[in-house]
Amino acid sequence: MKNIINCSTVTKTFTTGDVATTVLKGLTFTIKEGEFVAIIGPSGSGKSTLMHILGALDSPTTGKYELDGHDVSKLSDNELAEVRGRKIGFVFQSFNLLPRVSVERNVQLPLLYTNTPIAERQKRTHAALRNAGMDASHDHHRSNQLSGGQMQRVAIARALVNDPSLILADEPTGNLDQKTGQIVLETFQKLNNEGRTIVLITHDQYVAAHANRIIRILDGNIVEDRANDSHHPSMKGIDA
Ligand SMILES: Nc1ncnc2c1ncn2[C@@H]1O[C@H](COP(=O)(O)OP(=O)(O)OP(=O)(O)O)[C@@H](O)[C@H]1O
Ligand SMILES: [Mg+2]
């Protein structure tokens, strides 16, 4: 399988006033197509900063990041937006749905920026919603009429609708209770079994335990990168 993510000595430094803080200190790793990787680390360790780089929402200060073979630093803003839209589905802790807009419209949003014909848009929207575990009875509800777990499934459907090569999720279960979070994690496992590449960012070891590989970051460095063989759901709650 080819590398979808290739980071070599990626650093990120933020400068506020005259204080420069290096948040990522030279990360080197690759992720292959079809992997389900959890990136775990405590609050402030640089996870979201890394996710922004992986999602081409921000660029490294030094080092190189290649997304699906493209050196992201060499792309123009328009090309970046296009690569993001086509290759990546984002899922966030706070769902980021438009509240007064229907479930269907929320999922269709990424397709409005492409030239997809209406009939095809409808077809893909419904397929993505069913794939994310939402049944048709909610399609015309406004997103603020849904439970948190349903909102996150709609957000997952929106992430899927462009058929991206990569799903990037930052604390997707952070606003959900344990049982609902478990259902969302099982949805990611199902999508991965169907061949999707998933990168799941979390501070929670029980959430990370659903992935097949765990990369641990601490203070901007990778301190562990290992296969996770104990990702069976029955292991939930057992410290792997
Ligand atoms: N735009 C920015 N400007 C300055 N500092 C930043 C910026 N973004 C992040 N930081 C700093 O970088 C560090 C890492 O932040 P980051 O959001 O990546 O952590 P995290 O691992 O995602 O934490 P959490 O688990 O709390 O979400 C923090 O100290 C933060 O203050
Ligand atoms: Mg974060």
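How many salt bridges does a search of the whole structure find? The search finds 14. A salt bridge here is a side-chain nitrogen of Lys or Arg within 4 Å of a carboxyl oxygen of Asp or Glu.

This is a predicted model: local features need pLDDT of at least 70, side-chain atom pairs count only at pLDDT 80 or more, and totals for chains, interfaces and linings use all residues. Residues are numbered from 1 along each chain as its sequence is written, chains are lettered from A and ligands numbered from 1 in the order written, and side-chain values use heavy atoms, without hydrogens and water.

**Stop one: ligand 1.** Select ligand 1 and the residues around it, including Phe14, Val23 and Lys47. Each has a heavy atom within 4 Å of the ligand. Now pick Ser43: an N or O atom of its side chain is 2.6 Å from a ligand oxygen. For Thr49, the side-chain distance is also 2.6 Å. At Gly44, a backbone N or O atom lies 2.8 Å from an oxygen of ligand 1.

**Stop two: Arg86 and Glu82.** Select this salt bridge; the closest N and O atoms are 2.8 Å apart. Arg86 is partly exposed at 42% relative accessibility, and Glu82 is partly exposed at 45%. Partly exposed falls between buried (under 20% relative accessible area) and exposed (over 50%), using a 1.4 Å probe and protein chains only.

**Stop three: Arg213 and Asp225.** Here the closest N and O atoms of the salt bridge are 2.9 Å apart. Arg213 is buried, at 13%. Asp225 is partly exposed, at 39%.

Conventions. A polar contact is a pair of N or O atoms within 3.5 Å; within protein, one must be able to donate a hydrogen and the other to accept it, and residues adjacent in sequence count only if both atoms are side-chain atoms.
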